[in-house]
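This report walks through a protein model for a reader who is new to structures. Please keep the sequence and the 3D view open while reading, and look up each residue as it is named.

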Amino acid sequence: MKQITLFDLPSQGRCACWSLNPWKTRMMLNFKGVDYKTEWLEYPEVKTRLEKHITLPADKQLYTIPTVILPDGTYLEDSLAIAHKLEELYPEPKLAGIETPTWDRLARDLLPGLMGDLRPVYFSRLPERVLNEASREYWQTTRKEFLGIGKRPDELTDADRDAAFKLVADSGKLKQVTALLNANGADKGPLFEEKISFVDFVWAGFLVFWKRVGDAEYEKILELTGDKARHLKFLEAMEPYIKRDSF
């Protein structure tokens, strides 16, 4: 088959994957051993590059990353849709599952709330630590609306970030992820299921994302899981699929 193109968001310094959504696709490509290349797009470039190839549904306003160009030249958005297509095109090695009950609990129930509660943290940290200059103003203006508190990300304070972490701590969502990770028993291995499934890419993407946000923030996330060692063991098992992060 022809090479796949993965569209991803660049970063400061050594350009490497940082956002949790493209990480899901990149890890699956790495797991499958698919021949692919990365095309990096700054945030303001995403619409310009993709709008000629993708027609958005009526209920969607933004073009998103990840997007891939499949071997037949088709452009496909959304990490879940891409996962199903890759499983169809490259059946081996086979995932244990994609939209499993565990994936549904993590990706549909827990992660949206976690990422929403933590917006004051990563919305304010990413521009200074990860984004290139070409994307920073776009980020500041678009994320102000997402915050819904009348502030741009660069106007957020330590108090805002502390309040976000307290919200997550009080909700217990990260401890619920730990319970989900442990649901099949430690004797069955470090992953969510006995064999690797799409949910593993989802959670590994979340953890690696927080590594890029900052060391202190990453440590706080691990602390709030209630079992730091368990998540580090999980991430160690995912290392073969995380190792290729840039080309």
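At 29% relative accessibility, D104 counts as partly exposed, a class that lies between buried, which means under 20% relative accessible area, and exposed, which means over 50%, as found with a 1.4 Å probe on protein chains only. The model is predicted, so local features need pLDDT of at least 70 and side-chain atom pairs count only at pLDDT 80 or more, while totals for chains, interfaces and linings use all residues. Residues are numbered from 1 along each chain as its sequence is written, and side-chain values use heavy atoms, with hydrogens and water left out.

**Salt bridges**

D104 and R108 form a salt bridge, that is, a side-chain nitrogen of Lys or Arg within 4 Å of a carboxyl oxygen of Asp or Glu. Both residues lie in helix α4, four residues apart, which is about one turn of the helix. Helices (H or I, at least four residues) and strands (E, at least two) are DSSP runs, numbered from the N terminus. An α-helix has 3.6 residues a turn, so residues three or four places apart point the same way.

| Salt bridge | Closest N and O atoms |
|---|---|
| R108 and D104 | 2.8 Å |
| D8 and R26 | 2.9 Å |
| E137 and R152 | 3.1 Å |

D8 forms its salt bridge with R26. Because D8 lies in strand β1 and R26 in helix α1, this pair ties together parts that are 18 residues apart in sequence. Both D8 and R26 are buried.

E137 forms a salt bridge with R152. This pair links distant parts of the chain, with E137 in helix α6 and R152 in the loop between α6 and α7 (158-171), 15 residues apart. E137 is partly exposed, with a relative accessible area of 47%. Salt bridges that share partners also join R125, E128, R129, D158, R161 and E217 into one network.

**Buried residues and their surroundings**

E87, which is found in helix α3, is buried, with a relative accessible area of 12%. The side chains of E87 and K32 are joined by a polar contact of 2.4 Å, a term for a pair of N or O atoms within 3.5 Å, where within protein one must be able to donate a hydrogen and the other to accept it, and where residues adjacent in sequence count only if both atoms are side-chain atoms. Not counting residues up to four places away in sequence, E87 touches M28, K32, K94, L95 and I98, where contact means heavy atoms within 4.5 Å.

S19 is found in the loop between β1 (4-8) and α1 (20-32), and at 10% relative accessibility S19 counts as buried. Leaving aside its neighbours within four places in sequence, S19 is in contact with L9 and F209.

Which residues of helix α2 (residues 43-50) are buried? They are Y43, V46 and L50. These residues cover an arc of only 25 degrees around the axis, which puts them on the same side of α2; the arc is that of the directions from the helix axis to the C-beta atoms. The elements that cover the buried residues of α2 include β1, β3 (67-69), β4 (75-77) and α6 (133-147).

**Backbone details**

Most residues other than glycine have a negative phi, and most peptide bonds are trans. A cis peptide bond joins I65 and P66, with omega about 15 degrees, and P66 lies in the loop between α2 and β3. The peptide bond from E92 to P93 is also cis, with omega near -10 degrees, and P93 is found in the loop between α3 (79-89) and α4 (101-117). D78, a residue other than glycine, has a positive phi near 80 degrees. D78 is found in the loop between β4 and α3, and at 38% relative accessibility D78 counts as partly exposed.
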